[in-house]
Structures are given as structure tokens and as C-alpha cells.
Amino acid sequence: MGSPVMYMSFVGLLFFIGLYCLFSSRNIIKLLIGLEIMAKSVVLSFVTAGYFRGETFITQSYVITFIVVEVSLVAVALALVINAYRSTGSLDIQKLARWKG
């Protein structure tokens with residue numbers, strides 16, 4: 001196995017890729033993809049830290065709980081995106097900023 005520094009550097013790279021996706025795109029779907037990449041980096045950091053600390057069972061329970069909450073939030077967000085697309089015909093944030101209700 002590799003060292004924890006190698007795994008955490010990969011986690012950091014993955015997190016910054018998701019952050020770049022958040023800051024560079026104007027499409028809501030791409031923003032959700034960026035958030036998912038960031039969330040997966042957090043899950044990977046939990047798994048890495050749990051493995052190297054020897055607490056795999058507690059880490060697994062935290063990660064499974066985090067994944068369940070994350071999936072439910074993504075489902076709600078995608079439902080909102082579908083409704084926004086049906087209302088405006090676009091997924092551009094600039095057009096949705098004018099959509100107040």
C-alpha cells in the first residue's frame with residue numbers, strides 16, 4: 001500500500017478539480033457534477049483516514065450514512081433542475097438568476 005500522503009494528495013487534487021468545476025461552469029448540471037466530485041473526495045478522505053487509523057468499521061458506517069444523505073440531496077437537486085428547465089428552457093445560471101418567485 002501507499003503512504004497516507006499519497007492518498008491525501010489525490011484527495012486534494014480531486015477536491016480542487018470539483019472546486020474548479022464549480023467556479024468555471026454556468027450550467028447547473030455541471031455544478032452538480034462538481035459538487036459530486038467534491039463529495040467523493042470527502043468520502044475518499046474518510047476511507048483513507050479510517051484505514052490508516054485502523055478504524056474501518058466506524059469509518060464504513062460514516063461513509064454509508066454520508067452516501068445515503070448525499071444521494072437524497074442529489075435527487076432533490078435534480079428534481080429542482082428539471083423543474084427549472086421546464087420553466088425557463090435553459091440551465092444557464094444567468095437566466096435562472098432573473099427567475100424569482
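Predicted model: local features only at pLDDT ≥ 70, side-chain atom pairs only at ≥ 80, totals over all residues.
**Entry 1: helix α1.** I started with the length of α1. Its 21 residues should span 30 Å at 1.5 Å a residue, and the end C-alpha atoms are 30 Å apart, which agrees. Next I looked up burial. Val11, Gly18 and Cys21 are buried in α1. Seen down the helix axis, these buried residues fall within an arc of 80°, so they line one face of α1. They pack against α2. I then checked the face turned away from that buried side. It carries the exposed residues Val5, Leu13, Phe16, Tyr20 and Phe23.

**Entry 2: helix α2.** I moved on to α2, which runs over residues 28-53. It has 26 residues and reaches 38 Å from first C-alpha to last, close to the 38 Å expected. Its buried residues include Ile28, Leu31, Leu32, Met38, Ala39 and Val43. What do the buried residues of α2 pack against? I found α1 (4-24), α3 (56-88) and α4 (93-97).

I also looked at both ends of α2. Asparagine 27 caps the N-terminal end, with a side-chain oxygen 3.2 Å from the backbone nitrogen of isoleucine 29. Just after the helix, glycine 54 takes a positive phi of about 85°.

**Entry 3: glutamate 70.** I picked out glutamate 70, which sits in helix α3. Is glutamate 70 buried or exposed? Its relative accessibility is 7%, so glutamate 70 counts as buried. Its side chain makes a polar contact with the side chain of lysine 40, at 3.3 Å. Leaving aside neighbours within four places in sequence, I listed Glu36, Ala39 and Lys40 as the contacts of glutamate 70.

Technical notes:
Residues numbered from 1 in each chain as written. Heavy atoms only, no water. Helix = DSSP H or I, 4+ residues; strand = E, 2+ residues; numbered from the N terminus. Expected span 1.5 Å × (residues − 1). Buried < 20%, exposed > 50% of the residue type's maximum accessible area, 1.4 Å probe, protein only. Contact = heavy atoms within 4.5 Å. Polar contact = N/O pair within 3.5 Å; in protein donor to acceptor, adjacent residues only side chain to side chain. Arc of directions from axis to C-beta.
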